[in-house]
Amino acid sequence: KKKRMCLCRVCLKPYNPNDNNEKACQYHPESFTGETSQRWNPPGVTGGGRIEIFWTCCGSHDKDSLGCVVGRHKSYDEPEIEAPIGKR
């Protein structure tokens, strides 16, 4: 009998529900966005017009970096309830 695979709504990867565990899903809980570097300049420093693009949760500049949080996979069949974010 073929095992039923699910699609994780968090990391968007297929997984076998029988193999799901607390460290199966690795993801970023926040967004990949950009801000001008001026935000981090001390007062009086001019410039900083360059856009810094990063994950807001961990500061990684690599869009394809592995997530900074781990937890269980969540299928689209499971109810969406606000639960604590996985462990960093």
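Tutor: The discussion below concerns a predicted model and the terms applied to some of its residues.

Student: Why is Leu-12 called exposed?

Tutor: The relative accessible area of Leu-12 is 54%. Exposed means over 50%, so Leu-12 is exposed. Leu-12 is placed in the loop between strand E1 (6-7) and strand E2 (14-15).

Student: What is the phi of Leu-12?

Tutor: Phi is near 65 degrees for Leu-12, a positive value in a residue other than glycine. Most residues other than glycine have a negative phi.

Student: Why is Leu-7 called partly exposed?

Tutor: Leu-7, in strand E1, has a relative accessibility of 41%. Buried requires under 20% and exposed over 50%; 41% lies in between, so Leu-7 counts as partly exposed.

Student: Which residues make the nonpolar surface patch?

Tutor: Leu-7, Leu-12 and Tyr-76 make this patch, with an area of about 330 Å². Members of a patch need over 30% relative accessible area; Leu-7 has 41% and Leu-12 has 54%.

Student: What makes Pro-17 partly exposed?

Tutor: Pro-17 has 32% relative accessibility. That value falls between the limits of 20% and 50%, so Pro-17 counts as partly exposed. Pro-17 belongs to the loop between E2 and strand E3 (25-27).

Student: Which residues does Pro-17 touch, not counting residues up to four places away in sequence?

Tutor: They are Arg-4 and Cys-6; contact here means heavy atoms within 4.5 Å. Met-5 is 12 residues from Pro-17 in sequence, and their C-alpha atoms are 6.8 Å apart in space.

How values were computed:
Residues numbered from 1 in each chain as written. Predicted model: local features only at pLDDT ≥ 70, side-chain atom pairs only at ≥ 80, totals over all residues. Heavy atoms only, no water. Helix = DSSP H or I, 4+ residues; strand = E, 2+ residues; numbered from the N terminus. Buried < 20%, exposed > 50% of the residue type's maximum accessible area, 1.4 Å probe, protein only. Patch = residues over 30% accessible without salt bridge, like charges linked within 9 Å, V, L, I, M, F, W, Y side chains within 5 Å. Areas by Shrake-Rupley, 256 points an atom, 1.4 Å probe, with all protein chains shown as cover. Salt bridge = Lys/Arg side-chain N within 4 Å of Asp/Glu carboxyl O.
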